[in-house]
Amino acid sequence: MTKADKRKFLRELTAMVLKNVLTVVDRMPDDWNGLELRHYLADRFAEHVMSGGAAPGGPRYRAYKNAVLVNNL
């Protein structure tokens with residue numbers, strides 16, 4: 001992927017998750033604050049990761065974790 005492709009992908013993924021999350025705000029409990037909202041958002045992103053990516057423990061995931069470490073990402 002080119003850098004432009006990466007930027008486009010990240011914008012589209014983030015926009016899709018945000019759109020989906022904002023559609024359910026009215027159904028969220030009134031007492032939810034930043035803690036629960038962070039967990040909820042992380043869970044929604046995790047769903048997208050699991051639906052299209054490298055399985056944890058697999059070779060691509062290990063390579064990903066190594067790249068994050070080596071490149072200080």
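Trainee: What should I know before I start?
Mentor: The model is predicted, so local features need pLDDT of at least 70 and side-chain atom pairs 80 or more, while totals for chains, interfaces and linings use all residues. Residues are numbered from 1 along each chain as its sequence is written, and side-chain values use heavy atoms, with hydrogens and water left out.

Trainee: OK, how many salt bridges are there in the whole structure?
Mentor: A search turns up 2, counting a side-chain nitrogen of Lys or Arg within 4 Å of a carboxyl oxygen of Asp or Glu.

Trainee: Which side chain does K8 meet?
Mentor: K8 pairs with E12 at 3.6 Å, N to O. Both sit in helix α1, 4 residues apart, about one turn of the helix. Helices here are DSSP runs (H or I, at least four residues), numbered from the N terminus.

Trainee: Switching topic: which residues form the nonpolar patch on the surface?
Mentor: M1, F9 and L10, with about 360 Å² of accessible area together (Shrake-Rupley, 1.4 Å probe, only the protein chains shown as cover). Patch residues have over 30% relative accessible area and no salt bridge, with nonpolar side chains (Val, Leu, Ile, Met, Phe, Trp, Tyr) joined within 5 Å and like charges within 9 Å.

Trainee: Where does F9 lie?
Mentor: In helix α1, residues 3-22, and F9 is partly exposed at 43%.

Key: Helices (H or I, at least four residues) and strands (E, at least two) are DSSP runs, numbered from the N terminus. Buried means under 20% relative accessible area, exposed over 50%, partly exposed in between (1.4 Å probe, protein chains only).
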